Amino acid sequence: MDNRTNTIAGWTLAACGIALGLSIVGGMAFHSERPEKPGYAIEGVEAEGGAGGAAAEVPIATLLPTADVAKGAEVFKKCAACHTVTQGGANGIGPNLYGTLGEGIGQGKGGFAFSDALKGVGGNWDFDKMNAWLTSPRKFAPGTKMTFAGLGNPQDRANVIAYLNSQGSNLPLPAAPAAGAAPAKPDAKAPEGKDSVTNTDAVNNLGNTGTPASGAPSVDPNAAKEGAKAGK
């Protein structure tokens, strides 16, 4: 009887050991991790960015000419819990968005209490800034009160921007950049002390820009020497 009991216990322990081993091997072979591209979109989840892993961003100016205002209105329904967009609409959790494109960032809107983070951005809402905001409010204005994670789909953003533009702004669409063209940069100012046209030392350049008045002494050193010899 004891031998039979020991045999059963031994087989039971052996089965448990085999099951544990299979569990470990299975966990190593089929470990769980987030896929590079989800099989379906998860609303409110931003795509992970990584060095060399993110796809090249498509300029919003390339997508706006084919943007669909009606589809933008559908996407905007995600925002309707916090925002109105009709003319004269009331502010809610977020400000009324009628006529937003072209307005100052974090200003107006019937005295809506914008965060200092957004007010500190400065400038006006243009297409690029609105695209950056809709991509990730927290990255555009760190410290913003906006809790929405952002729209990861560039075409959705283009459609929403086109819809917002049709609601009281009607700004002309930007020209699509040429294929392979580098993003436009603000005009660079000449370094301090340099001439803004020639980019040479402004102090040393003064002698080449002025014309002596009639009767004024010559600034040519050789001419000064010749004059001194003539006076002797």
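The legends below describe several close-up views of a predicted model.

Residues are numbered from 1 along each chain as its sequence is written. Because this is a predicted model, local features need pLDDT of at least 70 and side-chain atom pairs count only at pLDDT 80 or more, whereas totals for chains, interfaces and linings use all residues; side-chain values use heavy atoms, with hydrogens and water left out.

**View 1. Confidence along the protein chain.**
The protein chain has an average pLDDT of 74, and 58% of the residues score at least 70, where pLDDT is the predictor's confidence in each residue, from 0 to 100. Over residues 185-219 the pLDDT is below 50, and this stretch has 18 contacts in the model beyond near neighbours in sequence, a contact being heavy atoms within 4.5 Å. Residues 37-54 also stay under 50 in pLDDT, and for them the model has ten contacts beyond four places in sequence.

Helix α7 covers residues 154-166; helices (H or I, at least four residues) and strands (E, at least two) are DSSP runs, numbered from the N terminus. In α7, R157, A158, N159, V160, I161, A162, Y163, L164 and N165 are buried, where buried means under 20% relative accessible area, exposed over 50%, and partly exposed in between (1.4 Å probe, protein chains only). These buried residues of α7 pack against α2 (60-63), α3 (69-76) and α5 (127-135). At the N-terminal end, N153 caps α7, with a side-chain oxygen 2.8 Å from the backbone nitrogen of Q155; such a polar contact is a pair of N or O atoms within 3.5 Å, and within protein one must be able to donate a hydrogen and the other to accept it, while residues adjacent in sequence count only if both atoms are side-chain atoms. After α7 comes G168, whose phi is positive, near 90°.

**View 2. Helix α5 and residue N131.**
The buried residues of α5 are F127, M130, N131, W133 and L134. Seen down the axis of α5, they fall within an arc of 160°, so they line one face of the helix; the arc is that of the directions from the helix axis to the C-beta atoms. The buried residues of α5 pack against α2, α4, α6 (137-140) and α7. At the start of the helix, a side-chain oxygen of D126 comes within 3.2 Å of the backbone nitrogen of D128. N131, which is found in α5, has a relative accessible area of 10%, and, not counting residues up to four places away in sequence, N131 touches E57, I60, R157 and I161.

**View 3. The two sides of helix α3.**
Buried residues in α3 are G72, V75 and F76. Viewed down the axis of α3, these residues fall within an arc of 100°, so they line one face of the helix. The face turned away from this buried side carries the exposed residues A70 and K71, whereas what covers the buried residues includes α7. D68 caps the N-terminal end of α3, a side-chain oxygen lying 2.9 Å from the backbone nitrogen of A70.

**View 4. Salt bridges.**
A search of the whole structure finds four salt bridges, each a side-chain nitrogen of Lys or Arg within 4 Å of a carboxyl oxygen of Asp or Glu. Side chains of opposite charge can pair when their charged atoms come close. One of these pairs joins E74 and K77 (3.1 Å, N to O), where E74 is partly exposed at 49% relative accessible area and K77 is exposed at 54%. Another joins K109 and E103 (2.9 Å, N to O), where K109 counts as buried at 15% relative accessibility and E103 is partly exposed at 31%. D116 also forms a salt bridge with K119, the closest N and O atoms being 3.6 Å apart; being three residues apart in helix α4 (residues 116-119), D116 and K119 are separated by about one helical turn.

**View 5. G123 in the loop between α4 and α5.**
G123 lies in the loop between α4 and α5 and is partly exposed, with a relative accessible area of 44%. Leaving aside neighbours within four places in sequence, G123 is in contact with E103, G104 and I105. The C-alpha atoms of G123 and E103 are separated by 8.5 Å, although these residues lie 20 residues apart along the chain.

Methods. Expected span 1.5 Å × (residues − 1).
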